[in-house]
Structure formats: structure tokens, C-alpha cells
Amino acid sequence: MIPIIAEIERVKQAFMTALEAATTHQALEQVRLLFLSRQGELAALMAQLKELSVEQKRQAGPALNELRSLFQVAFDARQKLVADLAMRGEQEQAASFDVTAVRSVARRGSIHIYTQIIEKLEDIFISMGYSVVEGPEVETEFYNFDALNIPANHPARDAHDTFWLTIPSLLLRTHTSPVQIRALEKQEFPLAICAPGRVYRNEATDASHNFMFTQIEGLFIDKHVSMANLIATVETFLQAVFEKKDLKVRARPSYFPFVEPGIEIDCSCPFCAAGCSICKKTGWIELMGAGLVHPNVLKSCGIDPEIYSGFAFGLGIDRLAMMKYGINDIRLFQSPKIGFLEQF
Ligand code: DAH
């Protein structure tokens with residue numbers, strides 16, 4: 001027997017074994033590549049045929065032709081079987097799909113009311129050309145007090161019940177005003193920033209006081225900035241906050257060491273026409289501290305107060321939220337009471 005006949009027999013066995021093992025389209029494709037492709041076993045045998053003598057070709061030719069048709073028939077049959085298997089698998093999966101099954105629903109959170117209000121206030125500031133900046137909650141005595149014209153032993157420090165860290169001259173910031181200093185130090189003018197964030201006061205808590213709350217600070221510095229600019233800016237800002245175009249503001253003299261003159265700004269009650277419990281029947285609501293930035297503050301940042309001037313204002317976000325939603329206890333904002341938090 002010529003060697004190619006034995007070779008044909010070996011390839012045939014190998015092909016049948018591989019074919020029977022193939023149960024997926026991918027496995028079948030491997031078989032096709034190995035045996036039926038141009039680089040496959042069948043093509044290799046065909047190539048050998050050319051090398052044989054006429055006598056040998058007479059034996060091997062028909063055997064190879066037979067092998068080729070066997071391969072084709074067996075392969076086609078297997079392909080159909082694999083396709084049937086795949087379809088049955090899908091059907092079984094579909095049949096076992098339980099349309100009544102209940103999936104446990106994960107509890108969805110909601111955006112904290114602080115975040116919602118801060119985002120709204122930031123949008124308003126941005127629409128007025130301000131940028132949003134942040135400062136650290138662990139501050140130095142310098143930024144929180146000294147640079148804001150509140151030196152050691154200044155009585156104003158008593159009003160800020162401060163959480164001091166055990167590391168000397170570090171504290172939890174008592175207001176967002178230190179972010180003013182951090183922005184001023186960059187010395188880029190005109191400067192228009194807002195700075196929202198948490199602040200801390202070491203005081204007993206009750207329905208209207210908490211040891212941690214949230215403020216937002218506004219600061220504008222340029223040449224020739226006046227009190228009129230401050231009032232107009234705050235009025236525009238508050239009209240947007242309360243979505244009331246006819247909202248009015250009024251200023252009362254006040255004292256904050258980092259502004260001169262310092263004022264407190266009230267707005268006409270956005271919730272009533274003739275007096276309600278929120279404005280305590282006065283028609284006005286106290287909202288924020290403000291003023292023209294004190295020359296000492298500018299000097300402490302290396303800015304010449306003869307050239308530059310500006311205004312600052314700061315307000316509490318908690319109080320804003322309490323008024324808007326009729327919340328009577330400031331501590332609720334920090335509480336884990338889901339029932340309260342998910343209302344917003
Ligand atoms: N930082 C002050 C506070 O927490 C609020 C304040 C008052 C901010 C006057 C200002 C300002 O920017 O000009 O009580």
C-alpha cells in the first residue's frame with residue numbers, strides 16, 4: 001500500500017473525532033480551519049497527489065475524492081446539528097424565564113438639600129461672572145483670623161467659638177471668609193469668586209444652632225468698587241435666589257472686623273405680602289453680613305488699598321433652607337433621618 005493511503009485514513013479518523021467533539025459554532029469553525037481550509041489537512045493531501053506517479057495517482061485519486069465528499073457531507077450535517085443545539089438552548093432559557101420573579105429594589109438616595117441649594121447658588125454666581133472656589137475645612141489661625149483683621153485677643157474671636165486642633169494654630173474654620181484671603185493671595189484682578197462650604201462652631205446645639213453648618217461667601221475686588229456695587233449685586237443675587245424680580249434689600253450698619261463699613265443686609269420677605277411667621281410680621285428677613293473689604297485685609301495679602309477695593313458678603317445656607325422649606329430644627333440637616341432627607 002502506498003504511504004498516502006495510510007495518511008488519508010489517519011486524516012479521516014482525526015477529522016471524524018474532532019467533528020464529533022464540536023458542539024458549538026466556534027468549535028466547528030476550528031475543525032473547518034484545521035481540515036477544510038486552504039492551509040488544512042485536506043489541501044495538504046491534495047498537494048501531495050501531484051508528486052505521485054501515474055500508477056499511484058490512480059489509487060490515491062479516487063480515495064482522496066471520496067475523502068473530500070465525506071468531509072463535506074459530515075461537516076454540513078454537523079453544522080445543522082450545532083445550529084439546532086444552539087436554538088434549543090435559547091428556547092430552554094426563554095422557557096425558564098420567570099416573568100413574575102421579584103427583584104429586590106435597592107433603596108435610592110437623594111441629593112442632600114445642602115448640595116441642591118449650593119448648586120443653585122453657584123449657578124446664580126456663575127451667571128453673574130463669578131467663579132466657584134473652595135478652601136480647606138481645617139484652617140490655620142492666620143487665614144481664619146489674623147489675615148481677616150482679627151488678631152489674637154481681638155474680642156471678635158470670642159464670637160467664633162472655635163474648635164482648635166491639638167496641633168498649634170490649626171482649627172476647624174469658623175466661617176468661609178478665610179477663602180477670601182486664599183483668593184486674594186493670587187493677586188489676579190478683577191477678582192469675583194464665591195466660596196461655599198462647611199463651617200464649625202464649638203457651641204451648644206439647639207434648634208437654631210449647630211456645631212457644623214454651611215455658608216457661602218461672595219467676594220469682588222477691582223478698582224473703584226463701591227457700596228452701591230455691593231447693594232446692587234446682592235439685590236440681583238437675592239432676586240435670583242428667591243426667583244422674585246421685585247425683591248428689595250435694605251442695609252443696616254453692623255460690625256465685622258474684615259469689612260469697613262460693615263453692614264447687615266435684609267431682604268423684603270419673599271414668602272408673604274403683609275407679614276408672616278417667617279418674617280415675624282416685620283416684612284423683612286435678615287440674611288447676611290457684608291461690607292467693603294477692610295484695607296488691612298487687602299494689605300495682609302500684599303494688595304494696595306489705594307488702588308484696589310472691593311466688597312464681601314457671607315450667608316448661611318441652613319437658614320435659607322429652613323426658611324424655604326419651613327424646617328424648624330437646624331440639626332435635622334446633619335441627622336441620618338432618611339424620612340427627612342428624602343423629602344428633598
Ligand atoms: N464671616 C461672617 C460670619 O461667619 C459673615 C460675613 C460677614 C461674611 C461680613 C462676609 C462679610 O463676607 O463681609 O459671621
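A: Helices (H or I, at least four residues) and strands (E, at least two) are DSSP runs, numbered from the N terminus. The model is predicted, so local features need pLDDT of at least 70 and side-chain atom pairs count only at pLDDT 80 or more, while totals for chains, interfaces and linings use all residues. Residues are numbered from 1 along each chain as its sequence is written, and side-chain values use heavy atoms, without hydrogens and water.

The structure holds 15 salt bridges (a side-chain nitrogen of Lys or Arg within 4 Å of a carboxyl oxygen of Asp or Glu). One of them joins Asp84 to Lys80, with N to O at 3.5 Å; these residues are separated by about one helical turn, because they stand four residues apart in helix H4 (residues 54-95). Asp84 is partly exposed at 31% relative accessibility, whereas Lys80, at 55%, is exposed (buried is under 20% relative accessible area, exposed over 50%, partly exposed in between, with a 1.4 Å probe and protein chains only).

Arg252 and Glu264 also meet in a salt bridge, at 3.7 Å from N to O. Arg252 belongs to strand S6 and Glu264 to strand S7, so the pair ties together parts twelve residues apart in sequence. Both are partly exposed, Arg252 at 26% and Glu264 at 22%. Arg252 forms a further salt bridge with Asp266, the closest N and O atoms being 2.8 Å apart, and this pair links strand S6 to strand S7 across 14 residues. Asp266 is buried, with a relative accessible area of 2%. A network of salt bridges links Arg250, Arg252, Glu264 and Asp266.
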